[in-house]
Structures are given as C-alpha cells and as structure tokens.
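Here are my notes on this model. Please keep the structure open as you read.

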Amino acid sequence: MKIIVTGGAGFIGANFIYYMTEKHPDYRLICLDCLTYAGNLETLTAVLENKNFRFYKTDITDRAAVYKIFEEEQPDIVVNFAAESHVDRSIEDPGVFLNANIMGTAVMMDACRKYGVKRYHQVSTDEVYGDLPLDRPDLFFTEDTPLHASSPYSASKASADLLVLAYHRTFGLPVTISRCSNNYGPYQFPEKLIPLMIANARQNKPLPVYGEGINVRDWLYVRDHCIAIDLIIHKGTVGEIYNVGGHNEMKNIDIVKTICKAMGKPESLITHVADRKGHDRRYAIDPTKINRELGWSPETRFADGIQMTIKWYLDNTDWLERILTGEYKNYYQKVYDGHKIK
Ligand code: NAD
Ligand code: DAU
C-alpha cells in the first residue's frame, strides 16, 4: 500500500506518519510538505532514513510538481492534512488560507482523478460547523449540522469540504472526510493554546488567555485522531463524513489552570488579554457515527494525555527552543545537503 500524506511535517500529519509507520511497517508513506513556518522537518527525523518513507518538499498548489510525484509514486491513497491551520493568522491574512486550503485541495483531488487513486481522505475540522451556545450543553455537532464557519480559516476548510463532496458527486472520486475537534500532543507548534501555555509556563512568562477564558473546546489526544483516520481510510464508506471527538469539553481557563498545576506554576501567571475577533464559543462533537460504524472511541483520557504532553515538551526542549529561536528552519537545508530527501 502506498499512501501520500500531505502536511506531514506539521503536528497531526507527523503524528500520523509515526502511527502508520508503527502500525503498518510494510506501507510506503510519501510525505508532501512545502515547509511553511509551521512545517518542521526535524519532527520527522526518526523516519527520514526509513526505506519505506520519502519526503518531497512540495507545495500542494503546485500542480505540475504534484502530478510528477503521482506519476513517480503511483499512490493508492491520499490523506490531505496540508493546510494553514491557525485561526489567529487567518484573521490577519485570509488570502494564504484560501490558496493552501481550497486550491491545494482541488489540485490534490485533480491528481487523484488523473492517476486513479483509490481513496482521497480530507482531514477537516469541527470548526466548519461554526459554534454552539455556552448555555446549551445538550447540543452537539453531528455530521448533518449545517456548515456555518466563523473565521477565514474555518470558511476555507468548509469550502474545501464542499469541493470534496462535489468531486465525489460529479466525478465519482472515492472520498471520505473527517471532522475532528481540537487535538493536543507531541510536536504541536507553540502558537496553539496548549503548547503555548506549556512553553510560557516553563519560562515563567505570562499566560495570555483571550477574554474571560470561558470558551469551550473538545480536546482529543492526537494519537486518537490518527487511529480514527487509519480506520476511515481502510473501513470508512466512500462519500461519507465522520465526526471525530471524545466528549472532552473544557473551558480554556481550566486548561490553563490544569497546566499551571501540573507544572507547579502559580496561577498569577495567567493574564487576560483582548479577545479573538469572532471567537467561537463552544465546540462539541457527537462521535456516535464513527463509534457505531467503525468501532472507534478514544483510548487516551485527558488527565493522562495532558501529563504525557507536558512531559514530552519538557523532555524535548531542544525541539521547542529551535522553533522559538527560528533555527528549525535551517534543518531542511542541512538534511537536503546530505541528500536524504527530494
Ligand atoms: P500544522 O499547521 O501543524 O501543519 C500543517 C502542515 O501543512 C505544515 O507542515 C505545513 O508546512 C504544511 N502546509 C501548509 N500549506 C501547505 C501547502 N500549500 N503545501 C504543502 N504543505 C503545506 O497543522 P495541524 O494542526 O497538524 O493540522 C493538520 C490538518 O488537520 C489541517 O488540515 C487542519 O485543518 C486539520 N485539523 C487540525 C486540528 C487541530 O486541533 N490542530 C483539528 C482538526 C483538524
Ligand atoms: O477545533 C479544531 C481546530 O482547533 C482546528 O481546526 C485548528 O486548526 C486548531 O488550530 C484549533 O483551533 P482553535 O482556535 O480552537 O485553537 P487554538 O489553540 O488557537 O485556541 C484554542 C482556544 O484557546 C481558543 O478558544 C482560543 C484560546 N486561546 C488561544 C491562544 C493561542 C487563548 O485563550 N490564548 C492563546 O494564546
């Protein structure tokens, strides 16, 4: 089995590559990533030498380059993680999100059509559903909840989802979509809530909580997301959408307090700052469908996952520091000069 994984030098894509390498050591995994600020080749160090792994520094919007790789690799499955993923950045500069997230998806699907790929999987997000009110804990996102995106990021992901479904209906492309809640775990770029708070707490820096910190997110350990995608690409029904989430809703302020407690830091580090524009109030996934049809449920409890995540960041301060200082960007050149990658 040959699988193209786009965005594999990012947080979830890299965790997926490690999960798949362990679970299916005979599969060939081909990573396409253009190494934006969020892409870090160092994250993939442990698989770079694996004979069943290949890295291409490629932008998924570069049609000619993508077709050439498909021609060479003849993949069976494509899993599209590559995207601009940070809501705050999308508020500053929407254009790059439209290009990577929508045009990139179109190019990848065109390549799948041209080269007869057996399955295209789109890694989407619960943010395409918009948000839920804080005072209605009885409401959840199901796969039938209408799309109602709030930020340029989520609007770009919702647009891509519509395109994926259109390619299925119009061209018969064998697609699946997963819409997952907030992930946390190793290798997450320290601009996102959990790694940012761990990185700041470690250095006794202020912990910036947007607004009152009462917004709710539904946290899932990244490995559980990877397990869900593995199940969907092998056993999911073509044309279907699967929500992925573990019923683990928490207010932001409680996440930050949990991190302070686990790291032995005072809550006085918490600093309330201006709220995010259009800030979604609550996300909450109903995972009934994936549980019923594919037997998926999360394996890692938040209490364990957050401890493992904090420990991972504290054990990997070199990785973190190289990102914080910007030095991680030189890693590609170093490896490239050694001809380990394309
Ligand atoms: P990330 O920002 O950590 O990684 C994204 C990766 O994509 C980076 O390596 C980057 O270099 C690459 N990339 C971006 N644009 C590219 C392009 N044009 N061509 C090639 N590579 C490109 O993101 P993440 O948190 O790992 O998210 C991965 C996917 O999962 C995204 O599609 C995101 O929407 C989705 N998702 C994320 C979460 C979450 O909590 N992080 C939850 C649900 C869904
Ligand atoms: O729900 C899935 C989505 O989760 C993914 O699609 C996105 O790619 C991913 O980035 C994430 O989006 P969020 O906006 O929920 O994640 P973020 O870590 O940026 O913020 C989580 C919450 O914490 C949100 O309510 C904003 C708040 N926050 C965030 C940061 C970075 C703060 O209060 N302070 C901060 O410094």
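This is a predicted model: local features need pLDDT of at least 70, side-chain atom pairs count only at pLDDT 80 or more; totals for chains, interfaces and linings use all residues.

1. Look next at the polar atoms. A polar side-chain atom of H279 sits 2.6 Å from an oxygen atom of ligand 2. For R217, a polar side-chain atom lies 2.8 Å from an oxygen atom of the ligand. Y210 uses its backbone instead: a polar backbone atom there is 2.8 Å from an oxygen atom of ligand 2.

2. How much of ligand 2 does the protein cover? On its own, ligand 2 has 690 Å² of accessible area, and the protein covers 94% of that.

3. Now the salt bridges. The whole structure has 21. One of them joins the side chains of R223 and E22, at 4.0 Å from N to O. This pair links distant parts of the chain: R223 is in helix α8 (residues 222-235), E22 is in helix α1 (residues 11-23), and they are 201 residues apart. E22, R223 and E299 are linked in a network of salt bridges.

4. Is E22 buried or exposed? E22 counts as exposed because its relative accessibility is 61%, and the cut-off is over 50%. R223 has 35%, so R223 counts as partly exposed.

5. Compare two other pairs. K192 and E191 meet at 3.8 Å, N to O, and both are buried. R292 and E293 meet at 3.5 Å, N to O. R292 is exposed at 57% relative accessible area, while E293 is partly exposed at 39%.

How values were computed: Residues are numbered from 1 along each chain as its sequence is written. Chains are lettered from A and ligands numbered from 1 in the order in which they are written. Side-chain values use heavy atoms; hydrogens and water are left out. A polar contact is a pair of N or O atoms within 3.5 Å; within protein, one must be able to donate a hydrogen and the other to accept it, and residues adjacent in sequence count only if both atoms are side-chain atoms. Accessible areas come from the Shrake-Rupley method with a 1.4 Å probe; for residues, only the protein chains shown count as cover. Helices (H or I, at least four residues) and strands (E, at least two) are DSSP runs, numbered from the N terminus. Buried means under 20% relative accessible area, exposed over 50%, partly exposed in between (1.4 Å probe, protein chains only).
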